[in-house]
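Please look over the structure below before reading the numbered points, which are meant as a colleague's note for someone new to protein models.

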Amino acid sequence: QILASIGDARRCVDELKGEVSGALAVGAIPTIAPYVLPELVVTFQKHYPQVTLEIVEDVTDGITRRIEAGELDVALASTCQPSPSLRREPLGTEPLLALVPEEHPLAKRDLVESDDLKSQRFLLLHEMHCLSQQVNHLLESRRLRPEIALAGSQLSTIANMVAASIGISIVPQMMVKHHATPGCVSLPFAPPVPERELNFLSNPRRFQSKAAAAFRREADRKSVV
């Protein structure tokens with residue numbers, strides 16, 4: 001805490017220069033980072049070339065721990081546990097989509113109904129990922145107990161497994177938008193459409209630099225969801 005306070009004091013002095021500069025540590029969870037950060041970071045660095053960025057990718061528990069410890073200044077995440085040392089600012093929501101092999105019977109449908117998923121084999125992320133927890137909650141809320149054929153660590157692996165007709169999955173829209181996988185078809189759900197939150201995280205007990213505020217504005221401007 002003492003070292004963190006010293007670091008904050010130094011940054012306060014640097015802020016008196018009146019320019020957006022210095023170091024900024026940015027975190028993001030694996031189901032957001034590859035789809036949002038590249039374009040966002042390029043735009044940010046173009047507008048604020050005097051800011052040195054450090055990018056950290058970690059699961060939600062790791063991201064929130066790093067924010068609370070002062071190791072990260074800001075982060076992009078989905079749902080997380082509330083904490084006095086965690087400020088959560090909503091950036092919006094995005095729909096979840098069903099991902100099926102292109103030869104699957106569901107691939108010709110316009111919308112996926114809950115009943116369509118009853119007898120399907122599912123490929124999901126490991127439970128340490130909040131997306132996996134969200135999908136499991138969705139399945140439970142619709143009284144579905146499908147066979148789980150794989151618990152993976154990356155959405156790209158899941159998508160390739162779907163393309164190989166090993167099973168189906170539920171993925172965020174941003175994945176399909178930024179990295180379509182050959183052999184897969186994404187389908188929207190019939191109402192009520194499942195969604196996930198996208199939040200901007202920071203620590204209200206730590207000094208917030210001009211660079212952190214600028215990154216928040218860029219995230220809003222880019223409409224990351």
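This is a predicted model: local features need pLDDT of at least 70, side-chain atom pairs count only at pLDDT 80 or more; totals for chains, interfaces and linings use all residues.

**Notes on the chain**

1. Residues are numbered from 1 along each chain as its sequence is written, and side-chain values use heavy atoms, with hydrogens and water left out.

2. The chain has 7 helices and 9 strands, where helices (H or I, at least four residues) and strands (E, at least two) are DSSP runs numbered from the N terminus. If contact means heavy atoms within 4.5 Å, then among contacts between residues at least 6 apart in sequence, 81% join residues at least 24 apart. The C-alpha atoms fill a box of roughly 60 × 35 × 25 Å, taken along the principal axes.

3. Where does Pro188 lie, and which residues does Pro188 touch? Pro188 is found in the loop between strand S8 (184–187) and strand S9 (195–202), and, not counting residues up to four places away in sequence, Pro188 touches Leu97, Asp110, Leu111 and Val112. Pro188 and Pro95 are 93 residues apart in sequence, yet their C-alpha atoms are 8.0 Å apart in space. With a relative accessible area of 37%, Pro188 is partly exposed.

4. The loop between S8 and S9 also holds Pro192, and a cis peptide bond, with omega about 0 degrees, joins Pro191 and Pro192. For background, most residues other than glycine have a negative phi, and most peptide bonds are trans.

5. Two residues other than glycine have a positive phi and deserve a look. Arg143, in the loop between H4 and strand S6 (147–152), has a phi near 55 degrees, and at 71% relative accessibility Arg143 counts as exposed. Ser165, in the loop between helix H5 (155–163) and strand S7 (169–172), has a positive phi of about 65 degrees.

6. Which residues lie nearest the centre of the largest pocket? Of the 17 residues that line the largest pocket, these are Thr79, Cys80, Cys130, Gln133 and Gln134. The elements that give two or more residues to this lining are helix H3 (60–69) and helix H4 (130–141), and H4 gives the most, with 5 residues. A pocket here is an open set of points on a 1 Å grid over the protein atoms alone, where a 1.4 Å probe fits, with protein on both sides within 12 Å along at least five of seven lines, and lining residues have an atom within 4 Å of a point.

Key: Buried means under 20% relative accessible area, exposed over 50%, partly exposed in between (1.4 Å probe, protein chains only).
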